Amino acid sequence: MSSLRSLYASNGDRPELNTNMDVDYVIQYKLSGNQAEAEAGFIQLVEALTKVGLATEVRPGDESSVLVFVKVASENYLTNHIYRERVQDWLCGVRITTPDKDVGKEFVSQSISEAERLRTIYLLITKPKNEGGAGITPKIGQWKDVTSIFPLHNHDFNRQWIKQWSTKYYLTEQDLNQIRDKFGESVAFYFAFLQSYFAFLVFPAAFGAGAWLILGRYSWFYAIINSLWSIIFFEWWKKREVDLAVQWGVRGVSRIQRPRPQFKWEYEAADPVTGEAVKVYSPVKRLQTQLLQIPFALSCSAILGAIYVFCFSIEIFLSEIYDGPFKSYLTFTPTIILTAALPALSTILGNFAEKLTEIENYKTIDTHQAALVGKLFIINFITSYTPLFLSAFVYMPFGNLLVPYLDIFKVTAEKLSHEKSITTQSFQVNPDRLRKQMIYFTVTAQVVNFALEVVVPYVKRKAFQEVEKVQSKGKVLAKDVPEEHAFLERVRNEAQLDVYDVTVDYREMIVQFGYLSLFSAVWPLTPLCFFLNNWVELRSDAMKIAVTSQRPIPWRADSIGPWLNALGFLSWFGSLVSSAIVYLFSGDVEGPGGDPSNIVVWGLLLSMLLSEHVYLAAQYAVRYALSQMDSPGLQKERAERFSMRKQLLEESLGLEATEKPLPPTPQAGEKITLESLEDEARKLSTQSGVTAEQQFWLRQQGMDETIQIGRKLISQTKVAKN
């Protein structure tokens, strides 16, 4: 991959970046096995694509693959598919207004975005054959040699995107709409969330800086304000994502779920509403498998907790008890152990979570992803917050009781060193330990994450490319047409990029929010550090999509998905943890001083209980206040519903049904005179069968006569009273 400067240079020196050759998607086909099998699989691939209206071209890839370029053969065919999708949206309640019956007018009033086009074509490639697609599922079954399907980057847009964002302090609605039109609502919702989170951090950053200068650590007032802020942000974001979903026309789109190719059904049954045959998997079996999440969570807690406790104990012994040789070097031992063990163990547990989710056998991709996110959140919760929990609720309150058990490290060290005794020092609880840990997680860890997320992948890819150049020397490779060589080299580079996964970015932000809501009372400058970090994060994530990742498939979404539940949980749990920390350490930074007898247990529990009730009351108040506020999205939804009702009335009952009827008054209807009333009374009196009800309503006819007789009755009543 070229350097960033050359990739986004605007001097026209990179003509291969100015065109995508009308390519919609690139399919990388790996040449595995013998030649006959590879050719048979390739023929099946091209035939499947052609049958669903896609044109193909093939070019050489790397030394073990070919690249199949795909574009839609007919634009009319594509627009018909998009129109049918919009009709489906209307039938499923995603859009309120019906698409215009004239297809041409529909696309004039609501043009096809780049994301909508690419999503429709991807569905043509991957949907099952019985639903009108080619049924190509990368790396699965028949298509195991299809390693990736990806759209090409729009480098003109990427160049302007990176340039604009590098000079902006705040993202506008237009910026979010551009992301939605290029990368789909799924990615747009992430950037909308990150932008909203960044904007909301302005207040806690300023307030935290003031609290750090004036109030100090473990302030009740800061903890209350921070908890209230988390409530307001959580409730406001719930309203905001609904507003965005309405504006983007995707509210309720999660009801249209994509079928999961790996779903294994047991039998088919008739749908009770539509009568169609649907594939069924026993919900009892799935529930039995889902119950395995309980031992999974306990196992993760036990395994990761044991590693943390072990390293924590070594760290305490080496840093605060041991006073022998090489102490300054040995104190890095726990860090080395965690650095080596945690990534590998997290990967193993993550893979196990994926296997467990596979066994649960979900029918749709969305439900599968939600279940997987729940398990990953448990793993990340444990790996991210356990060190702080150990320091706050184990080391600080129980340090003096636990130190005697650390003699095992002293005995072990004596045996390994063949010395009679190891020099130690008296143990004292380090009151700055919790604060230093918070500084690490809010400053150092954020810098490390940035390097691992952006810098390391770029350097790794450059190194791999150099290795490939060395290995390819002397090998005979297929030659490109000179006019296409630069473009094909660019495509080969993009094929080697990592697949962008928005879940990783969501996970990072949710974990960060957890540090803020749970432990920021320890160090009030936490929100300020996160505020500065997230300004960079917005731009680095854009850079990651544009430079270090393949262009994401533009999937639709109507929210941030299961991460919203994680956000709500951390906001609620933060009220409990913050109150406990403030109760233990306010007034004395050493807290219990390592002696649990200094803790008033009933006071601790009471403060946590009171904090939770205050949290729930504040949440109800904030939710009610926000429900009274209007928003552009909700206004748009009401306007569309009103327009739809009016249109239905006109079509079903005619234009007269929508007009307000006028009453038959003398001003609007027939003029009523005394002569006409008397004439009507004579006609009725001569007719037989006149009812009492008709006679009753003939006594006074017309507004003037009623007023005249009424005034006479009023005057008589007053005279009688006098």
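How many bridges join strand 1 to strand 4? Four, and the two strands run antiparallel. Strand 1 covers residues 25-30, and Gln28 stands opposite Ser148 in strand 4. Strands count as paired if DSSP finds at least two bridges between them; strands themselves are DSSP runs of E with at least two residues, helices are runs of H or I with at least four, and both are numbered from the N terminus.

Before going on, a word on what you're looking at: this is a predicted model, where local features need pLDDT of at least 70, side-chain atom pairs count only at pLDDT 80 or more, and totals for chains, interfaces and linings use all residues. Residues are numbered from 1 along each chain as its sequence is written, and side-chain values use heavy atoms, with hydrogens and water left out.

Back to strand 4 (residues 146-150): four of its five residues are buried, so the rest of the structure largely encloses it. Buried here means under 20% relative accessible area, exposed over 50%, and partly exposed in between, with a 1.4 Å probe and protein chains only.

Now look at helix 5 (residues 114-126), where you'll find Glu116. Glu116 counts as buried because its relative accessibility is 11%. Setting aside neighbours within four places in sequence, Glu116 is in contact (heavy atoms within 4.5 Å) with Ile82, Glu85, Arg86 and Ser111.

Gly53 sits in the loop between helix 2 (35-51) and strand 2 (54-60). Its C-alpha is 8.6 Å from that of Leu124, 71 residues away along the chain.

Finally, there's helix 21 (residues 563-585), which bends by about 25° at Gly574, the angle between axes fitted to the seven residues ending there and the seven starting there. Of its 23 residues, 18 are buried, so helix 21 is largely enclosed too.
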